[in-house]
Amino acid sequence: MVELAGIIILGILAQWFAWKFKIPAILPLILIGLLVGPLSTFISEDGTKWIEPVWNGVEGLFPGEKLFNFVSLSISIILFEGGLTLKKDEILNVGPSIVKLITLGSLVTFLGAGIATHLIFNLTWEISFLFSALIIVTGPTVIAPILRNIPLKKDVSAVLKWEGILIDPIGALVAVLVFEFISIEGGYEYTKDALIEFGKIVIIGLSIGFTSAYALFYTLKFKLIPHYLLNVITLASVLTVFVLSDLFAHESGLLAVVVMGMALGNMKISELKEILYFKESLSILLISILFILLAANMYIEDMQLLYRWETLGLFAIVVFVLRPISVFLSTANSGLKLNEKLFISWVGPRGIVAAGIASLFGLKLIMLKVPGAEYITPLVFMIVLGTVLLNATTARLFAKVAGVFLKSSNGIIIIGASNFARLIATYLKKNNRRVVLIDSNANNINKAKSLGLEAIEGNVYSDELLEDVELSDIGFLLALTGSAAVNDYAIEKFSPIFGEHGSFRIISTDEMKDGITIPNKNLFTHKDDFINLSEVVRDFPLINEVVITSEEHYKNLLKKINNEIHAIPLFLKDNEEFIHIISSLDKSVKIEKGTILIYVGKTII
């Protein structure tokens with residue numbers, strides 16, 4: 001009981017520690033697992049582990065193959081949750097480089113790492129290629145914390161983010177297929193029986209995955225599940241699909257749940273967000289438990305592999321040779337610059353799927369007494385730990401050295417996508433400023449997208465936006481909703497992340513009536529709230545520009561605009577065509593001849 005409670009407590013503490021210090025959670029989780037597992041044998045009086053995952057006749061948490069069963073079910077839930085996040089429209093928009101990375105890039109890693117492992121460790125081709133299949137993946141849960149604090153161009157962040165999401169199920173599928181070649185009854189040769197098993201895995205995995213997704217979709221559509229049972233029935237459905245698919249074709253369950261998640265995630269289901277939030281919370285708990293257990297299940301003999309020159313050589317080949325080759329081949333003739341390709345080549349940490357499936361297959365093959373199977377888990381853990389440590393500690397520095405680190409984050413995030421916000425965003429976009437609109441109203445988001453604007457349907461009270469690595473070039477925050485409470489909350493919550501150069505909100509109705517002004521926060525004007533702004537844009541949906549001839553001219557213009565109830569000052573554009581938010585102006589910004597005053601509403605002559 002103490003061991004089980006300890007694993008959960010330590011796992012959640014590791015997640016908090018990772019959040020606090022902005023590092024991938026996988027790092028403290030594996031280190032804790034090693035500490036309470038193999039490393040604890042040096043501390044305990046009788047030389048035993050503090051936590052022994054598998055029953056060894058004297059102690060242990062899971063008898064027989066129960067640890068193997070727990071790992072299988074946990075990974076199925078984690079992969080299902082990953083599948084839910086894959087949207088077909090987003091996949092189409094990330095460009096051909098992503099497609100090449102998850103196909104051609106995966107092939108380069110698979111072949112190169114397999115050959116290197118065979119030659120360096122003298123392992124069988126089957127075991128070598130199983131290892132190479134397992135390290136194809138680059139987990140998004142590991143990449144996201146690394147990228148979140150590095151301001152990068154959107155294209156670079158998008159490539160790394162979507163590669164990590166899309167490549168997980170591909171790596172899992174390749175690993176399953178290679179494993180099936182190894183474990184097929186009758187030997188390790190590529191026989192007709194093995195090819196038949198391959199076909200069964202793919203056909204049954206795909207068919208059960210798609211069928212179950214549509215079954216759950218129609219169950220939800222016709223309201224056959226009460227709201228309070230929604231999440232637990234979804235969980236039960238995932239486990240049912242995994243087990244059922246495995247009964248028909250051994251090891252097809254992982255493919256089935258990934259397909260089920262992908263299909264379900266692209267259907268119009270109002271309950272999808274709620275299901276996804278529940279699965280994310282459950283995945284965090286399972287990942288916390290899983291990594292500690294898997295790391296604790298290793299032995300000192302396994303860890304000794306880390307000190308061999310062969311291991312360091314293999315790591316160097318995977319990270320410094322194969323990764324750059326796969327990236328440069330995949331991004332040839334793309335719009336990415338040389339320094340951007342170098343940075344993408346540098347960032348390739350492995351995550352939960354690699355470590356989880358490695359332990360899963362490693363346990364199975366050891367039970368089958370396959371020669372060399374004992375190398376699988378420690379070698380994959382070496383790649384996982386090494387890449388996470390390398391990228392977590394050097395990615396920011398390498399971004400600066402490579403010249404992809406954005407020195408100034410000039411993107412603007414606007415909370416609220418009303419007509420007024422859309423008008424402003426359209427103007428800013430035409431003037432080469434990146435603008436992202438956030439609104440919980442789907443209708444407002446659809447209208448923004450129809451104008452060609454970047455818009456995200458989201459709730460400011462959730463942590464969804466904080467996880468979006470593609471917003472790392474945002475430096476200004478404008479809160480333009482009709483709710484003073486939402487505006488204040490957005491400023492308080494998101495200023496440290498998105499308000500590097502300034503966070504502003506429109507004045508509230510109460511502040512306007514009471515004559516309260518907050519120069520550092522109030523946006524555009526101190527005499528117009530959301531209602532007034534909306535009415536001005538409704539009656540005069542125009543953004544005007546006036547060239548200023550002198551500072552005195554500017555003051556007179558501003559006075560005229562402020563006296564006109566149907567006009568509101570917005571921005572100033574300097575002689576270098578950089579747009580400044582009027583509320584953010586300080587004494588260091590000079591009004592020069594040629595500066596342009598931008599305002600919305602009735603034209604002032």
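## Ground rules

Buried here means under 20% relative accessible area, exposed means over 50%, and partly exposed is in between (1.4 Å probe, protein chains only). This is a predicted model, where local features need pLDDT of at least 70 and side-chain atom pairs count only at pLDDT 80 or more, while totals for chains, interfaces and linings use all residues. Residues are numbered from 1 along each chain as its sequence is written, and side-chain values use heavy atoms, with hydrogens and water left out.

## Strand β6

Helices (H or I, at least four residues) and strands (E, at least two) are DSSP runs, numbered from the N terminus.

β6 runs antiparallel to strand β9 (residues 596-601), with five bridges joining them; strands pair if DSSP finds at least two bridges between them. Opposite V546 sits L597 of β9.

## T117 in helix α5

T117 belongs to helix α5 (residues 96-121) and counts as buried because its relative accessibility is 0%. Skipping neighbours within four places in sequence, T117 is in contact with N122, L123, S128, F131 and L314 (contact: heavy atoms within 4.5 Å).

## Aromatic pairs

Rings of Phe, Tyr and Trp (its six-membered ring) pair if their centres lie within 6.5 Å; planes under 30 degrees apart count as stacked, over 60 as edge-to-face and the rest as tilted. That rule gives seven aromatic pairs. One of them, F121 with Y375, is edge-to-face, at 5.8 Å centre to centre and 65 degrees between the planes.
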